[in-house]
Amino acid sequence: MINFQRVSCINGTVPLLPSLASAEELCSTCKFMEDGEERIVVGSLDLNQCLWLPDELTGKRPGVNESSHTRAYLSNVCVAKELQRNGLGYALVDKSKKLAREWGITDLYVHVAINNEAAQKLYNKCGFVYESEEPAWKARFLGRPRRLLLWLDMKKDHV
């Protein structure tokens, strides 16, 4: 894709056990077999090494005179509602930080809806800090809640 250096999808899975009663409510495309064991995807995120994401705020780091190929964004971050607040989101972000470090990423960004306090707490716990926010007119134009842009200095963060 134009603008993207590389992209990786990171999934969190668990064995599909009878004790996971709510599994029938999850989509059938989230179920798969691995090494003879039935598993289900319960969380996911994308790590995008790129200059910007379409229709999103663009990070300011690294600066104009620095290599823009060391910037990455997390996107499509989700955890099954039944398993939220159990550390899975933290584990997915942690895994993405490790991969970003392998790619040589120095500045990691994530967009979060201004009204999603749980996600904001997760990203703050993971070391992200506020950089900017989407103007109200743009959010209205795109038909979505306003978004914050959070930044993580990968040069200072140690996984």
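## About the model

Residues are numbered from 1 along each chain as its sequence is written. Because the model is predicted, local features need pLDDT of at least 70 and side-chain atom pairs count only at pLDDT 80 or more, while totals for chains, interfaces and linings use all residues; side-chain values use heavy atoms, leaving out hydrogens and water.

## Overall fold

The protein chain has three helices and seven strands (DSSP runs numbered from the N terminus: helices are H or I with at least four residues, strands are E with at least two). Along the sequence, their order is β-β-β-β-α-β-α-β-α-β.

Of the 159 residues in the chain, 45% are buried (under 20% relative accessible area, with exposed over 50% and partly exposed in between, using a 1.4 Å probe and protein chains only). The accessible surface is about 9400 Å², and carbon and sulfur atoms account for 53% of it (Shrake-Rupley method with a 1.4 Å probe; for residues, only the protein chains shown count as cover). Among contacts between residues at least 6 apart in sequence, 69% join residues at least 24 apart (a contact means heavy atoms within 4.5 Å).

## The nonpolar cores

A nonpolar core here is a set of buried Ala, Val, Leu, Ile, Met, Phe, Trp, Tyr and Cys residues joined through side-chain atoms within 4.5 Å. The largest one holds 24 residues, and those touching the most other members are Leu47, Leu74, Val93, Leu108, Tyr123, Phe128 and Leu150. At least two core residues come from each of E3 (37–50), E4 (71–79), H1 (88–103), E5 (107–113), H2 (117–125) and E7 (147–153). H1 gives the most, with five.

A second, separate core has six residues, including Cys50, Leu53, Leu149 and Trp151.

## Helix H1

The 16 residues of H1 should span 22 Å at 1.5 Å a residue, and its end C-alpha atoms are 23 Å apart, which agrees (the expected span is 1.5 Å times one less than the number of residues). Its buried residues are Gly89, Leu92, Val93, Asp94, Ser96, Lys97, Leu99, Ala100 and Trp103. Just after H1, Gly104 takes a positive phi of about 85°.

## A buried asparagine

Asn48 sits in strand E3 and is buried, with a relative accessible area of 5%. Its side chain makes a polar contact with the side chain of Ser75 at 2.8 Å (N or O atoms within 3.5 Å; within protein, one must be able to donate a hydrogen and the other to accept it, and residues adjacent in sequence count only if both atoms are side-chain atoms).
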